[in-house]
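Open the structure in your viewer and keep the selection tool at hand. This is a short tour, one stop after another.

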Amino acid sequence: MSVDPAVVPQWRLSSGALVPAIGLGTFGSDRVSAEEVAQAVSGALEVGYRHFDCAAVYGNEDRIGQVLQGFPREQLWLTSKLWNDKHARDDIVPTCQKSLADLRTDYLDLYLVHWPFPNVHAPGAHVDSRSPDARPYVHEEFMETWRQMEDLVDRGLVRHIGTSNTTIPKLQLLLRDARIAPAANEMELHPHFQQPELFDYVLAQGIQPIGFCPIGSPTRPDRDRTPDDSVDIEDPVMVAIARDHGVHPAVICVKWAAQRGQIPIPFSNRRNEYEANLEAVVSDPLTEAEMRAIAGIDRDNRLIKGQVFLWRAGQSWEDLWDIDGAIAS
Ligand SMILES: NC(=O)c1ccc[n+]([C@@H]2O[C@H](COP(=O)([O-])OP(=O)(O)OC[C@H]3O[C@@H](n4cnc5c(N)ncnc54)[C@H](OP(=O)(O)O)[C@@H]3O)[C@@H](O)[C@H]2O)c1
């Protein structure tokens, strides 16, 4: 079973470019090796995916590039991301060039600033670990980084630039000062974390939302779990709708995301799962009543809280997300 890529819906960005309405995530986390992620990319190409959400920090772009090599480039949508330790002015162009070389391509369709903070931690660090060099968001510093992102567009190395893990107050400043506005914003989005305010804001600004952890990342590492976290695919509303459609609740998460207007980027290295996720966006849509029922189960349950990026002792993860409408300093 595969899906004709021509029938996969696409969203039109403010530039006019078309982006497939679903992508394959490529973060293997602690569980899935670079080799296995690359195999998933290969299988996903076979079943009809043409959009891949990559990042330098996932440590697998070189293996993914080996799979993509030789595939007609114009048929692909490739996203990559600038990691937090490469925000400095002179690092950005070479870092992007490294992703280009690893992915065996001359250009990226979309390059995101992965987090708005230049704060780094060791891979797999405990959530309580803090970098002594960590700093709050400083807009002038972020704009230095953004100017280089704009330069990447000018040089033809990337077609669009965007943000990830950002907030309305930070986007307001960026939109005020940017020469090239973000084309997309990658943000955590799943039925228990719908972020309606940020979602509506980015759409109103002509920024395409891309939703990460669309299934609620049920297999995320223990360090990314807190006792209050809920499980989207066990929600009775999701389970009931899934039963009615004869699919796994994960597939309902993907349908909901695509129909709502965000681009889901689910990950799986199991062929039956990533195939079902692609099928989800081309067949058997949810009814309006089902969409409304899912809109009603939001629990504001952020899973990727980002604790390791905090910059001061005694802070809580909410400080990263400008919850009271002001940028925390
Ligand atoms: N910008 C950012 O900061 C950021 C942050 C996090 C993630 N991301 C991106 O978002 C992508 C997705 O996030 P994620 O992998 O954490 O979470 P996710 O896509 O919500 O969940 C992935 C897990 O869901 C299960 N699954 C997937 N499809 C399924 C299906 N059809 N039926 C049953 N189970 C299914 C799989 O578990 P099993 O393998 O156990 O079946 C899979 O490991 C990442 O790969 C990455 O590209 C970006």
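This is a predicted model: local features need pLDDT of at least 70, side-chain atom pairs count only at pLDDT 80 or more; totals for chains, interfaces and linings use all residues.

**Stop 1: helix H8.** Select residues 249–260. How far apart are the end C-alpha atoms of helix H8? They are 16 Å apart. At 1.5 Å a residue, the 12 residues should span 16 Å, so the two values agree. Now move past the end of the helix. Glycine 261 follows H8, and its phi is positive, near 120 degrees.

**Stop 2: what covers H8.** Of the 12 residues in H8, 10 are buried. Among them are Pro249, Lys255 and Trp256. Show the neighbours next. The cover over the buried residues includes strands E9 (208–212) and E10 (263–264). It also includes helices H7 (236–245), H9 (271–280) and H10 (288–295).

**Stop 3: the ligand.** Select the 29 residues around the ligand. Gly25, Phe27, Ile215, Ser217 and Phe267 come nearest. H8 and H9 are the elements that give two or more residues to this shell. H9 gives the most, with 3 residues. Colour the shell by class: 13 residues are nonpolar, 11 polar and 5 charged.

**Stop 4: the core.** The largest nonpolar core has 75 residues. Those touching the most other members include Leu24, Tyr111, Met149, Cys253 and Val254. Which element gives the largest share of this core? H8 does, with 8 residues.

**Stop 5: cysteine 253.** Finish on this buried residue of H8. Leaving out residues up to four places away in sequence, cysteine 253 touches His190, Pro191, Pro214, Ile215, Gly216, Asp232 and Ile233. Ile215 is also one of the residues that come nearest the ligand.

How values were computed. Residues are numbered from 1 along each chain as its sequence is written. Helices (H or I, at least four residues) and strands (E, at least two) are DSSP runs, numbered from the N terminus. The expected span of a helix is 1.5 Å times one less than its number of residues. A residue is buried if 20 or more other C-beta atoms lie within 10 Å of its own, exposed if 12 or fewer, and partly exposed in between; C-beta atoms are placed from the backbone. Two residues are in contact if their C-beta atoms, placed from the backbone, lie within 7 Å. A residue is near a molecule or strand if its C-beta atom, placed from the backbone, lies within 6 Å of it. Ala, Val, Leu, Ile, Met, Phe, Trp, Tyr, Cys and Pro count as nonpolar, Asp, Glu, Lys and Arg as charged, and the others, Gly among them, as polar. A nonpolar core is a set of buried Ala, Val, Leu, Ile, Met, Phe, Trp, Tyr and Cys residues joined through C-beta atoms within 7 Å.
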